[in-house]
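User: Hi! Could you help me learn to read strands and helices in a model like this one?

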Amino acid sequence: MQDENLPIWLPRLAVHGGPRFLQIADALQAAVVDGSLKPGDRLPPQRQLAAQLDVDLTTITRAYDEARRRNLLEGRGARGTYVAAPKVELTSILDLSMNTPPPPDGVDFDDMLKQGLSQVLMRADNQLLMTYHLGGGSDSDRKAGAKWLEPMFGQLDSRQVVVCPGAQAAIAALILALTEPGDVILAEPTSYPGLRAAATQFGRHIIAVEADKHGMVPEMLEEACRQHKPGLVYLNPTLQNPTAITIPERRRKELASIAKRCNVRIVEDDPYWLLADAPPPPIATFAPEQVYYISTLSKCLTPGLRVAFVLIRDPHERERFLVALRSFALMVAPLTAALATQWILDGSADGLMEGVRNEARLRHRMARDILAGRYSGAGDGLHVWLELPAYWNSSQLARAADSEGIAVTPAEAFATGSGSVNAIRISLGSIKDRGRLQAGLQRLSHLLARRPEPFSAAVV
């Protein structure tokens, strides 16, 4: 049992919090970042701390060694171990604004990358890795895409899968292929900013459809379809970016029915389905001819793997999509596509994704504990949507956080209509080190608890 007289900077060790020596090192780093430990502070002797925590001396030695590796500690011989002067990286921005998968604990990504590339180079024709591929992916790439989509749809005809250089490219190509300049695209009032960017660039108009705690309201969608005759409806139905809402199965069926009844197409952008805990079937399951389904690897595995799979059932629609895609993004880089295919087919992608899923859930637990009373996440996925107290508005809070070295994204960045809710999105994966994430969340929690400075109260 842990000693009640533990140092104030060291929380109780979590049973499922990962290796204990890393928990201790992470706590040390968090304390240095948030100022609980200051340069020159003396740490407890290793034997004393081991006894207090009821762990082996080796665990404490490894923790202190890891902290030294991070330039947190310095030894002073017989005088003991002290907190070192902070390095530049400890005062750099704590980025809670970018939605990227967290690095999973226990996965040697460098080795995985080397092994994957080695297999690709050993088995592939190197000339084919350095030439043009015009068909939306090779046969192998499409088969890998069909396998990637199996958890959502079961077995698929790989010819219905198109390989794209990322979900943003897929969204843009679908807008070009399926709509005309001036057309309306319906979306939820708070939605993925990349949709707005592409629609604006191509001269399409986004109109917001009312949403509630279960996502887009079916009656409002039907009314908007009749009023505006939209070219597309855009939905991000699982752990929605930014609200983290997952549309339940019954409502998905209702939305699919409306799409069929009103003869409108849906772009189902679903990057987080594989990270969710028991998600409902995709909307494309209920209206396969009306829905274009997008699944990307960059949100489940790693941002550098710019590969997305688009399920398009109709061959003529696939060809229209490919023509649109080639107008601005000819193909996925063949080496990137080959690496993605290798990882999917040999099972490496599943292992990496499971690690990301576990790490994301651990980080959600951390956010829930630190943001107690404010956290309203689902416990999975990559982000938290945090509604703010009345004395803060989201732009004001984002600026105040920035002045304290924390980056968050205000609600305005996601607004598709004229108004927006008073909230911020917090991304939990963009800070690689768990200790720095903890420090960032703690700093943000302290900021939320206090009222804005008088001079900033007039800022809107």
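User: Which residue stands opposite Leu-311 in β12?

Analyst: Tyr-293 stands opposite Leu-311 in β12. This is a predicted model, where local features need pLDDT of at least 70, side-chain atom pairs count only at pLDDT 80 or more, and totals for chains, interfaces and linings use all residues. Residues are numbered from 1 along each chain as its sequence is written, and side-chain values use heavy atoms, leaving out hydrogens and water.

User: How do strands β11 and β12 pair?

Analyst: Strands are DSSP runs of E with at least two residues, and helices are runs of H or I with at least four, numbered from the N terminus. Two strands pair if DSSP finds at least two bridges between them. Here β11 (residues 291-296) and β12 (residues 308-311) pair in the antiparallel sense over 4 bridges.

User: What is the order of the strands in the open sheet?

Analyst: The order is β4-β12-β11-β10-β9-β5-β6, 7 strands with mixed pairing. β4 (161-164) and β6 (205-208) stand at the edges with a single partner strand each, so one side of each is left without a neighbour in the sheet.

User: Which residues of helix α2 are buried?

Analyst: Buried means under 20% relative accessible area, exposed over 50%, and partly exposed in between, with a 1.4 Å probe and protein chains only. In α2 (residues 46-53), Leu-49, Ala-50, Gln-52 and Leu-53 are buried. Seen down the axis of α2, they fall within an arc of 165° (taken from the directions from the helix axis to the C-beta atoms), so they line one face of the helix. The face turned away from that side carries the exposed Arg-47 and Ala-51.
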